[in-house]
Amino acid sequence: MSPGFLPYAVAAFVFLCGLWGAATSRHLVHLVICIGVLQTSTYVLLLAIGQKAGGVAPVYYGVPHDLLAVDPVVQALMLTDVVVEATVVALLLALAVQAHKHAGTLDPDALPRLKG
Amino acid sequence: MRTALLAIGCAGLLALFLWGMTGLPPFGSYPGPYGDLLNSFAASERKATDVVSAVNFDYRAFDTLGEEFILFVSVAGAALLLRKIDEEKKDSKEDSESEDREPGRAPPPTSDATRAFGVALVGLTVVFGLYMISHGQTTPGGGFQGGVILATAPLSVYLSADARTFQRIAPRGLVEGAESLAAAAYVLFGLAAVVLGGEFLRNVTPLGEEEKMGSSGNIFWLNLAVGIEVASGFVLLRSVFIEETLQRRLREESK
């Protein structure tokens with residue numbers, strides 16, 4: 001594997017770290033943070049795909065407009081990703097608060113079974 | 001046993017991941033063409049020197065509408081989950097007194113250092129947040145980033161002043177109203193274009209002069225709407241999370 005694929009490998013590594021943490025988690029808040037880590041891997045992947053050797057940020061303030069710049073679309077997608085992650089984490093934490101209110105614990109194994 | 005199964009699964013996933021990566025262009029050789037095309041004409045066509053903002057609020061403005069509503073719905077969901085239910089209300093007095101602190105262990109009073117730093121921070125964050133929102137089309141920034149910065153100002157107030165001041169500067173009704181109105185403003189901007197005979201979210205405001213505040217037409221105004229929505233959304237989110245503590249602090253202060 002050439003060094004040109006290192007950023008993609010980093011994305012895979014971060015993804016697996018988050019996945020491992022989420023699967024072995026014994027605390028709901030820990031679980032939410034792990035899902036957050038898992039999602040950050042998409043930032044690395046998106047930015048890596050749009051990278052152009054020698055390119056600058058796609059911002060043309062005070063510079064000539066024909067400057068070589070990296071792909072702005074993946075950066076816009078990443079911005080979307082950050083916002084969605086922040087709100088999803090907030091929603092999941094609210095669910096954790098609710099779970100704690102009902103069961104008095106944040107250990108997923110100790111939570112009572114769902115009753116229909 | 002479970003860990004072993006997980007390890008096998010992760011190893012398989014990693015293998016698939018690495019195999020998939022071999023089909024990607026090597027790092028640093030983005031093949032285009034969308035990004036290159038946008039970079040070549042966005043700045044002159046939309047008078048927006050920050051192409052990322054131009055993509056978010058003009059070329060992909062419809063997606064950002066969806067994103068804005070994800071935010072809106074998440075905040076509404078969190079508020080719904082954390083609301084006080086009637087039966088909880090009755091014994092909430094004893095509940096909140098005993099639930100999250102040891103008896104006889106009152107929280108320490110806010111230190112002078114926190115107060116001084118908080119007061120210094122409030123003005124700075126408000127100005128910086130507004131700057132971020134209003135210059136999203138020229139330099140990196142915009143409604144989402146600026147809105148979050150703006151939302152930290154009431155947080156500094158909460159940390160450095162008393163709960164009463166926090167309620168006075170961010171009353172629930174005002175924050176909820178601002179959030180809903182700003183979310184609606186985005187849609188109304190889109191509909192305005194339809195009324196004027198164009199496509200949904202087509203630019204309807206004057207493009208102005210490049211590199212100036214208020215330029216880029218819709219991009220500026222949509223940033224403004226999103227900034228207000230994000231700021232009030234995050235303030236609302238925070239106040240539903242600290243609701244219990246806030247009520248207790250209010251009771252203690254009125255004693």
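**Exercise 1. Is Leu201(B) buried or exposed?**

Solution. Start with the ground rules: this is a predicted model, in which local features need pLDDT of at least 70, side-chain atom pairs count only at pLDDT 80 or more, and totals for chains, interfaces and linings use all residues. Residues are numbered from 1 along each chain as its sequence is written, while chains are lettered from A and ligands numbered from 1 in the order in which they are written.

Next, take the cut-offs: a residue is buried if 20 or more other C-beta atoms, placed from the backbone, lie within 10 Å of its own, exposed if 12 or fewer, and partly exposed in between. Leu201(B) has 23 C-beta neighbours inside 10 Å, so it counts as buried. To place Leu201(B), look in the loop between helix H10 (172-195) and helix H11 (218-241) of chain B. Its phi is positive, about 70°, although Leu201(B) is not a glycine.

**Exercise 2. Work out the build of chain B.**

Solution. Begin with the elements, which are DSSP runs numbered from the N terminus (helices: H or I, at least four residues; strands: E, at least two). Chain B has 12 helices and 0 strands. Its radius of gyration, taken over C-alpha atoms, is 24 Å, well over the 18 Å that the globule rule gives for 255 residues, so chain B is more spread out than a compact globule. That rule is 2.2 Å times the number of residues to the power 0.38. Along its principal axes, the C-alpha trace of chain B spans about 65 × 60 × 40 Å. As for burial, 35% of the 255 residues of chain B count as buried.

**Exercise 3. Explore where chain B touches chain A.**

Solution. Two residues are in contact if their C-beta atoms, placed from the backbone, lie within 7 Å. By that test, 42 residues of chain B are in contact with 42 residues of chain A. On the chain B side, the elements giving two or more residues are helix H1 (2-21), helix H2 (34-46), helix H3 (51-59) and helix H4 (61-81) of chain B. This side divides into 26 nonpolar, 12 polar and 4 charged residues, where Ala, Val, Leu, Ile, Met, Phe, Trp, Tyr, Cys and Pro count as nonpolar, Asp, Glu, Lys and Arg as charged, and the others, Gly among them, as polar.
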